[in-house]
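Here are my notes on the model you sent for comment. They are set out as numbered points, so that each can be taken up separately.

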Amino acid sequence: MKFTLHIWRQENATAKGSFQTYEIDNISPDCSFLEMLDQLNEKLVNDRIAHPVCFDNDCREGICGMCGLYINGRPHGNDDGVTTCQLHMRHFNDGDEIWIEPWRAKPFPVIRDLVVNRTAFDKIIQAGGYISATTGGVPDANSILIPKHKADQAMDAAECIGCGACVAACKNASAMLFVGAKVSHLALLPQGKPEAADRVYKMVCKMDELGFGACTNTYACEAECPKQIKRQNIARLNRQWIGSLFGRDRKK
Amino acid sequence: MILDSKIPEGPLSQKWTSYKAAQKLVNPANKRKLDIIVVGTGLAGASAAASLGALGFNVDIFCIQDSPRRAHSIAAQGGINAAKNYQNDGDSVERLFRDTIKGGDYRAREANVYRLAEVSGNIIDQCVAQGVPFARDYSGLLDNRSFGGAQVSRTFYARGQTGQQLLLGAYGALSREIARGTVKLHERCEMMELVVVDGRARGIIARNLVTGELERYAAHAVVLATGGYGNVYYLSTNAMNSNGSAAWICHRHGAAFANPCYVQIHPTCIPVHGDYQSKLTLMSESLRNDGRIWVPKKKEDAEAIRAGRLNPRDIAEADRDYYLERRYPAFGNLVPRDVASRAAKERCDAGYGVGPTGLAVFLDFASAIERLGRDTISQRYGNLFQMYQKIVDVDPYENPMMIYPAVHYTMGGLWVDYELQTTIPGLFAAGEANFSDHGANRLGASALMQGLADGYFVLPYTLQNCLADQIYVGKIKAEGPEFDEAEQAVRNRLDSLLSISGNAEGQTYSVDHYHKALGKVMWEYCGMARSKESLATAASEVARLEADFYQHVYIPGKATEMNPELEKAYRLADYFELARLIVADATQREESCGGHFRIEHQTEDGETLRDDENFMFVAAWEYQGHDVPEVMHREELNYEHIKIVKRNYK
């Protein structure tokens with residue numbers, strides 16, 4: 001297959017970026033999107049055309065959340081429920097023009113080319129997205145009974161890979177789906193209850209502080225989430241948030 | 001070099017208890033004065049840093065990705081073993097210990113493995129307390145499944161994403177410590193050099209992967225939790241950035257490297273389909289709970305399938321060869337990985353393989369779907385089936401999956417004693433980066449167990465014992481000739497790599513070109529079946545490629561910018577040396593055991609043939625210099641508790 005690629009090139013965080021156009025040929029339809037970019041980079045190196053295109057990637061099996069490209073106006077491209085590394089070229093037509101951009105969101109500044117800084121997500125988790133269980137001194141695993149449907153719901157939310165597609169898809173650059181998924185995962189489990197009110201309060205405050213926008217219920221996040229995290233998690237986040245305004249220990 | 005394994009005295013089941021009772025501790029006020037560097041944020045690194053931080057130590061933790069949550073532990077699918085005996089099916093600490101020693105083909109240290117089995121139950125308790133959403137049954141109790149090499153159900157799981165959930169648990173604990181200020185996170189930061197002062201590990205030189213700047217960090221101890229070196233084969237199930245360099249750097253400074261030839265080839269991966277391919281994708285071993293592995297009984301059927309003339313569904317039951325069930329009736333499809341991988345290779349080599357290349361076998365769920373229904377199968381393996389469909393574009397509910405073995409895990413690694421300390425005082429290794437618990441073959445669902453055992457329940461104890469005398473040393477500063485020299489060494493290394501293309505004559509090639517070539521050589525001549533001749537070929541081919549790499553590799557850009565090609569280049573340079581050591585180790589080990597199969601040493605029916613008299617030892621290699629063959633030291637393995645028998649899964 002043959003493609004015309006328009007790729008966002010930006011040398012560093014402060015440089016001015018622009019689209020550059022590259023042609024690529026002999027791409028197998030079974031090849032993944034990132035393997036297609038590998039082949040472009042191989043060509044750029046061998047023919048000494050330009051510095052290879054920088055893009056984040058690691059596990060290449062859809063679980064680490066490291067990769068994430070904005071492809072023809074959609075985070076992770078035109079297939080549903082996949083990350084960029086699991087998007088295959090068979091989803092494109094021979095001869096297609098493909099526009100490739102980094103995530104565009106103020107809290108995710110560009111580092112180089114298609115690589116963005118997503119440490120804001122780590123900071124939200126550090127604000128309280130965990131259960132405080134110091135190593136050792138915890139009860140036997142089976143002493144905590146959890147109804148299967150609750151455990152399953154918690155798992156549905158916990159599947160979030162933290163890639164940032166939800167933020168990239170949102171016109172407000174809102175992180176509500178990401179935060180909602182973590183809040184839900186922990187609030188649905190009995191172990192997460194003691195800290196629930198404090199957790200949601202701190203995570204939401206941190207999210208606002210870092211410059212993520214609010215949710216205006218367009219649900220682009222849900223549509224583009226590679227793990228198909230449900231928008232119900234945002235509703236649960238809102239309920240937990242309102243509860244936290246009354247139920248939180250304000251002395252803390 | 002002296003290899004003192006420091007195994008405590010006393011009966012096996014009391015060793016860890018007596019160690020803990022007698023060990024030195026550091027009082028809370030002094031813990032604050034001790035600095036620890038942890039390199040790597042996978043299960044072992046994150047759990048160690050979180051636990052050490054919670055104890056009160058000052059921890060600096062480093063990861064090469066943008067977030068600790070990306071570490072490749074996240075990709076582990078099937079589950080984690082623990083001797084909880086929740087199923088009342090005869091499990092116990094002793095049973096898990098025995099299964100692990102046997103699974104490792106009697107090449108692991110008894111005391112370490114027993115401790116691993118002993119703390120396995122605590123791991124599950126810890127993870128549940130953190131909110132890891134393990135699978136449960138309708139009563140609300142935890143569910144279990146079976147994995148290879150065991151006849152009990154002791155594997156805890158969270159759908160097909162157990163590694164992800166465990167890592168996110170550890171990441172949560174780590175995030176809490178970062179917020180409390182006990183742990184400082186350095187993301188996109190790669191360890192480039194170990195700093196050794198007066199024979200002790202005292203710090204590292206790290207490269208900021210965004211700016212390319214070199215940074216210095218000093219500490220009272222360094223913990224290496226940087227995973228395995230499977231990517232030396234280029235195509236493996238490892239992540240693209242997984243590499244062996246941090247461990248290799250320590251090896252250059254005198255840390256012994258143990259059993260490098262023990263590489264695990266995982267039987268159930270999606271087969272290779274093209275030259276452009278960058279990695280192989282694993283299909284969890286848990287699939288072998290319900291999937292049945294087969295090839296056609298008749299060669300003409302296999303040929304017809306390869307040519308696309310015949311649909312596997314049309315092959316009658318009587319014409320299918322369920323070769324694992326046939327050869328190993330007792331364990332069937334759940335034999336250990338090395339056994340299943342070799343059996344697949346044997347069938348394909350004999351001409352019964354399927355798929356376009358003939359290098360694939362079927363993993364079939366038809367009978368399980370008939371027995372349990374599509375919904376149950378979807379609940380158990382839904383995400384794996386989806387992943388398979390996305391990659392291969394074939395619906396595994398309707399057609400059997402095609403699988404083939406691929407490099408997955410490395411049992412070898414830095415030599416450590418009972419305290420997980422390497423031969424360099426103050427340098428520790430945890431998780432896949434060390435060699436300690438899996439012998440010559442790791443059982444499924446045991447990597448997660450070992451990583452978390454090391455991080456949560458072993459290092460927090462043993463590090464204290466080793467650091468107790470460090471309170472008299474005072475703050476370690478990142479200055480002095482050793483730090484200057486280490487930093488200069490990194491600069492020189494990067495400059496010399498970048499200068500190659502300027503001086504190259506004729507055609508230049510990319511780093512990946514050489515990495516792919518190295519991978520092919522290693523897979524072909526030092527892979528699933530090795531012989532004296534194939535290893536000799538591997539040695540000469542690796543040397544030839546390495547020489548060519550240093551003459552003709554082209555690395556664009558500068559050292560002082562984000563430069564992924566340069567990163568790949570310095571990692572590959574280390575892989576060349578490591579590949580040479582793997583081949584040397586495979587050559588000296590004139591026996592077959594676990595994942596190491598020498599075709600000269602096999603039984604009549606093609607099983608591994610150990611030589612306990614001559615090879616019941618750990619091969620610990622000492623670095624001598626870039627062009628000098630390494631020196632091997634032996635740590636004899638003494639089995640006091642377990643009776644050594646032939647490993648038999650029939």
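**Notes on chain B**

1. In chain B, 74% of the contacts with a separation of 6 or more are made by residues 24 or more positions apart, a contact being two residues whose C-beta atoms, placed from the backbone, lie within 7 Å.

2. This is a predicted model, in which local features need pLDDT of at least 70 and side-chain atom pairs count only at pLDDT 80 or more, whereas totals for chains, interfaces and linings use all residues. Residues are numbered from 1 along each chain as its sequence is written, while chains are lettered from A and ligands numbered from 1 in the order in which they are written.

3. Chain B has 18 helices and 19 strands, helices (H or I, at least four residues) and strands (E, at least two) being DSSP runs numbered from the N terminus. Its radius of gyration, taken over C-alpha atoms, is 24 Å, close to the 26 Å that the globule rule (2.2 Å times the number of residues to the power 0.38) gives for 650 residues, so chain B is as compact as a globular protein of that length. Of these 650 residues, 60% count as buried, that is, with 20 or more other C-beta atoms within 10 Å of their own, C-beta atoms being placed from the backbone.

4. The assignment, which comes from an automatic or database source, divides chain B into domain 1 (1–262 + 411–645) and domain 2 (266–408). Their C-alpha centres lie 30 Å apart, and the contact between them takes 28 residues from domain 1 and 30 residues from domain 2.

5. One open sheet of chain B has four strands in the order β16-β10-β18-β19, with antiparallel pairing, where two strands pair if DSSP finds at least two bridges between them. The edges are formed by β16 (413–414) and β19 (631–636), each with a single partner strand, so one side of each is left without a neighbour in the sheet. Strand β10 (residues 257–258) is joined to β18 (residues 617–622) by two bridges, and B:A258 stands opposite B:A620.

6. Strand β12 (residues 292–296) of chain B has four of its five residues buried, so it is largely enclosed by the rest of the structure. It is joined by three bridges to the antiparallel strand β14 (residues 361–364), where B:R292 stands opposite B:D364. Strand β12 of chain B also pairs in the antiparallel sense with β13 (residues 320–321) over two bridges, and there B:R320 is the bridge partner of B:P296.

Methods:
A residue is buried if 20 or more other C-beta atoms lie within 10 Å of its own, exposed if 12 or fewer, and partly exposed in between; C-beta atoms are placed from the backbone.
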